[in-house]
Amino acid sequence: QTLWAATSRAVRVPARLNEDLSLFAPVPFTPPLYVNVEGNDDFDSEKLFSIEAGWRVAFTEALSGDLALYHNDYRRLLSQELRGGISLVPGPRPYLLLPAVQLNRNEGEVYGGTAELRWQPVRMWRLDFQVSAIEFDLDRSPGGTDVNGLTVEGNSPDVQAALYSWLSLPYGVSVYTGVRWVNDLPTQNVPSYWAVDLNLQWQLTAGLEARARIENVNDASYL
């Protein structure tokens with residue numbers, strides 16, 4: 001068995017987009033409303049401090065496993081902060097303007113892990129089970145008002161699981177089957193779902209093979 005651990009630090013330096021951006025984005029509203037997001041010459045580097053640890057073990061010749069855990073600490077994350085109130089811009093078609101500026105007033109922690117079991121009961125057949133989980137704990141720094149930046153928590157599934165099978169048959173034929181479950185994505189209004197993938201491979205000669213693959217076999221459009 002093997003135990004391992006690591007710590008790291010990463011820095012994302014400001015891009016030109018963070019300093020020179022001038023974006024006008026329409027917002028569905030009556031009368032017309034635009035959000036004007038400006039870059040900021042004082043935008044600071046975003047920082048990450050990460051700690052990871054893992055365990056790899058062979059229970060038997062046929063069964064082995066892996067476990068990996070991590071904790072990420074993010075500081076000075078990008079935020080879009082309001083700068084003043086709404087103003088009315090006159091013109092042939094007047095509109096409302098809401099100014100905002102890019103600052104570093106979001107922060108938080110992300111932690112999770114992955115577990116995997118590999119089982120090969122016979123030489124021709126192997127199973128691989130994987131499950132992973134992630135948890136976000138994001139918040140605004142003192143003085144921060146950005147709420148949209150925190151919705152990134154709902155862009156990643158907090159739990160995923162999969163079972164993969166590899167089967168080698170005579171005459172160079174092999175069959176792969178994968179079954180995946182992914183939890184919902186609240187921010188994107190995507191519900192949890194199951195997916196089944198199939199792959200058939202035939203090694204005709206040493207330099208020639210034929211392959212057929214179907215993804216999301218259980219999708220209603222296939223049934």
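Student: Is arginine 16 buried or exposed?
Tutor: In this predicted model, arginine 16 counts as exposed because its relative accessibility is 67%.

Student: And what does the side chain of arginine 16 meet in a salt bridge?
Tutor: The partner is aspartate 20, with an N to O distance of 3.4 Å; both residues lie in helix H1, which covers residues 16–20, and they are four residues apart, about one turn of the helix. Aspartate 20 has a relative accessible area of 47%, so it is classed as partly exposed.

Student: How many salt bridges turn up in the whole structure?
Tutor: A search of the whole structure gives eleven. One of them joins aspartate 66 to arginine 118, whose closest N and O atoms are 2.7 Å apart, and this pair links distant parts of the chain, since aspartate 66 belongs to strand E5 and arginine 118 to strand E7, 52 residues apart.

Student: Are aspartate 66 and arginine 118 buried or exposed?
Tutor: Both aspartate 66 and arginine 118 are buried. They also belong to a network of salt bridges that links Arg56, Asp66, Glu116 and Arg118.

Student: Where does glutamate 116 lie, then?
Tutor: Glutamate 116 is in strand E7, and its side chain makes a polar contact of 3.4 Å with the side chain of arginine 118. Glutamate 116 counts as buried because its relative accessibility is 19%, which falls under the 20% cut-off. If neighbours within four places in sequence are set aside, the residues in contact with glutamate 116 are Ser64, Gly65, Asp66, Asp128, Phe129 and Gln130.

Student: What about leucine 117, which strand is that in?
Tutor: Leucine 117 is also found in strand E7, which spans residues 95–122, and with 40% relative accessibility it counts as partly exposed. Leucine 117 is one member of a nonpolar surface patch that also includes Leu3, Trp55, Phe59, Leu67, Leu69, Phe129 and Leu163, and together these residues have about 750 Å² of accessible area.

Student: Changing topic: which peptide bond is cis?
Tutor: The bond joining threonine 30 and proline 31 is cis, with omega at about 5°, and proline 31 sits in the loop between E2 and strand E3.

Student: What is the phi of arginine 76?
Tutor: Phi of arginine 76 is positive, about 60°, although the residue is not a glycine. As background, most residues other than glycine have a negative phi. Arginine 76 lies in strand E5, residues 63–82, and counts as partly exposed at 35% relative accessibility. Asparagine 216 also has a positive phi, near 55°, and is placed in the segment after E12.

Student: How many bridges join E11 to E12?
Tutor: Seven bridges join strand E11 (residues 193–205) to strand E12 (residues 208–214), and the two strands run antiparallel. A hairpin of two residues connects them, and tryptophan 202 has alanine 210 in E12 as its bridge partner.

Technical notes: Residues are numbered from 1 along each chain as its sequence is written. This is a predicted model: local features need pLDDT of at least 70, side-chain atom pairs count only at pLDDT 80 or more; totals for chains, interfaces and linings use all residues. Side-chain values use heavy atoms; hydrogens and water are left out. Patches are made of residues with over 30% relative accessible area and no salt bridge: like charges are joined within 9 Å, nonpolar side chains (Val, Leu, Ile, Met, Phe, Trp, Tyr) within 5 Å. Accessible areas come from the Shrake-Rupley method with a 1.4 Å probe; for residues, only the protein chains shown count as cover. A salt bridge is a side-chain nitrogen of Lys or Arg within 4 Å of a carboxyl oxygen of Asp or Glu. Buried means under 20% relative accessible area, exposed over 50%, partly exposed in between (1.4 Å probe, protein chains only). A polar contact is a pair of N or O atoms within 3.5 Å; within protein, one must be able to donate a hydrogen and the other to accept it, and residues adjacent in sequence count only if both atoms are side-chain atoms. Contact means heavy atoms within 4.5 Å. Two strands pair if DSSP finds at least two bridges between them.
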